[in-house]
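This report describes one protein chain for a reader who has not seen it before.

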Amino acid sequence: MTDILTLVFRTFMSQTEVKKELTVTPPSPLTCSTLLVGDTSISRSVLLMAAVTAASEVGMRVMFFTQTQIQSLPVCLQKCVPCLSTESLKKIKFSYPKTLEELLQQVASLHESTNTSPTPPSLIIVDRLEGYLCGPGGGSHSGLHPGLSRAAHLSALLCDSAAFLTQLLKQRCSSLAPCRVIASFQSEVDSGQAGREASATDPILDVLDRYFQVRCTLDRDRSYEAAAAGLQEVWNIYLSGTGITEASGTKGCEDRLAVAQEWQLLISPDGSMEFKLV
């Protein structure tokens with residue numbers, strides 16, 4: 001399930017880069033979920049980029065769940081997509097459930113909304129899973145880890161809803177199938193260590209990894225080279241997991257699904273964002 005994210009990275013790729021031709025194979029309906037792990041401010045920008053790109057470039061309907069109301073698009077998107085059409089924005093529906101119970105109810109109701117909408121959503125986005133799983137009423141990392149069952153319940157419901165919507169999309173608009181799920185999560189234990197290692201110590205993240213076949217990890221590059229380049233921030237992006245569809249030519253067939261891809265996110269002082277293939 002890297003087709004949408006790869007499209008985002010290519011759409012906003014640095015103009016100084018030679019745009020490499022990447023073959024993006026349509027994902028299997030069983031591998032259509034991606035977990036974005038990293039800083040919440042950066043992950044939200046990437047999620048919004050995914051929503052806008054899916055709506056404007058592919059014509060997908062997008063369902064975007066978040067606890068915090070979005071008043072306007074971030075500066076990076078305003079700079080990268082200055083002429084975003086109203087019709088594209090209309091394809092993105094924002095919903096603001098405050099609690100885990102409200103989120104579960106609204107995700108479950110996606111089955112019902114398809115009765116009145118001719119085209120079901122092709123992309124479900126959930127911003128900041130930790131706000132639902134680790135906040136009030138969402139469990140915590142202490143004791144017997146009550147958040148684990150909630151993480152499994154929500155993840156299973158998201159996957160089940162995506163599978164249901166995929167069947168409807170195949171019937172009504174096969175070109176927009178399957179339905180994808182992208183969610184972001186910031187681990188409480190990820191303080192300074194690489195996000196790729198967080199699952200070893202965060203039980204909730206470990207549960208989420210069982211349901212989300214692709215992990216997209218954002219790690220900030222604090223090296224001297226990043227600062228010397230005159231950029232405000234540089235983030236390393238790692239794509240890994242069994243859902244990876246692009247394969248490295250140097251790997252054997254048995255390793256292709258587990259190949260990790262690396263990108264960089266370059267943030268300029270004016271707030272603009274570009275991606276670079278590593």
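## The chain as a whole

Of the 278 residues of the chain, 49% count as buried. The model is a predicted one. Its secondary structure comes to 10 helices and nine strands. Among the contacts in the chain with a separation of 6 or more, 71% are between residues 24 or more positions apart.

## Two helices in contact

Helix α2 covers residues 40-58, and α1 packs against α2 at an angle of about 90°, with the two axes 9 Å apart. Angles of 65 to 115 degrees count as roughly perpendicular, and α1 and α2 are therefore roughly perpendicular to each other. On the side of α1, the contact is made by Ile4, Leu5, Leu7, Val8 and Thr11. On the side of α2, Val46, Met49, Ala50, Thr53, Glu57 and Val58 take part. By type, the residues of this contact divide into eight nonpolar, two polar and one charged.

## The buried side of α5

Helix α5 consists of residues 100-108, and Leu100, Leu103, Leu104 and Val107 in this helix are buried. Why can these four be placed on the same side of α5? They cover an arc of only 100° around the axis, and that puts them on the same side of the helix.

## Aromatic rings

A search of the whole structure finds three aromatic pairs. Two of them are set out below.

| Pair | Centre to centre | Angle between planes | Arrangement |
|---|---|---|---|
| Phe9 and Trp263 | 5.0 Å | 50° | tilted |
| Phe64 and Phe94 | 5.2 Å | 50° | tilted |

Phe9 lies in helix α1 (residues 3-11) and Trp263 in strand β8 (residues 261-267), so their pair ties together parts that are 254 residues apart in sequence. Both Phe9 and Trp263 are buried. Together with Phe275, Phe9 and Trp263 form one aromatic cluster.

The pair of Phe64 and Phe94 also links distant parts of the chain. Phe64 is in strand β2 (residues 62-65) and Phe94 in strand β3 (residues 92-95), 30 residues apart. Phe94, at 28% relative accessibility, counts as partly exposed, because the limit for buried is under 20% and exposed begins over 50%.

## Backbone features

Most residues other than glycine have a negative phi, and most peptide bonds are trans. Two places in the chain are described here against that background.

The peptide bond that joins Ala177 and Pro178 is cis, with omega about 0°. Pro178 lies in a loop, between α8 (147-172) and β5 (180-185).

Arg128 is a residue other than glycine with a positive phi, near 60°. Its place is the loop between β4 (123-126) and α7 (129-133). The relative accessible area of Arg128 is 36%, so this residue is partly exposed.

The remaining notes take one residue at a time.

Pro97 is found in the loop between β3 and α5. Pro97 is buried, with a relative accessible area of 0%. Pro97 and Gln67 are 30 residues apart in sequence, and their C-alpha atoms are 5.7 Å apart in space.

Ser88 is found in helix α4 (residues 86-90). At 10% relative accessibility, Ser88 counts as buried.

Ala152 is found in helix α8. From Ala152 to Asp209 the distance is 9.9 Å, C-alpha to C-alpha, and the two are 57 residues apart in sequence.

Key. Residues are numbered from 1 along each chain as its sequence is written. This is a predicted model: local features need pLDDT of at least 70, side-chain atom pairs count only at pLDDT 80 or more; totals for chains, interfaces and linings use all residues. Side-chain values use heavy atoms; hydrogens and water are left out. Buried means under 20% relative accessible area, exposed over 50%, partly exposed in between (1.4 Å probe, protein chains only). The arc is that of the directions from the helix axis to the C-beta atoms. Rings of Phe, Tyr and Trp (its six-membered ring) pair if their centres lie within 6.5 Å; planes under 30 degrees apart count as stacked, over 60 as edge-to-face and the rest as tilted. Axes are lines fitted to C-alpha atoms, for helices over the stretch in contact, and angles run from 0 to 180 degrees between N-to-C directions. Angles under 35 degrees count as roughly parallel, over 145 as roughly antiparallel, 65 to 115 as roughly perpendicular and the rest as oblique. Contact means heavy atoms within 4.5 Å. Ala, Val, Leu, Ile, Met, Phe, Trp, Tyr, Cys and Pro count as nonpolar, Asp, Glu, Lys and Arg as charged, and the others, Gly among them, as polar.
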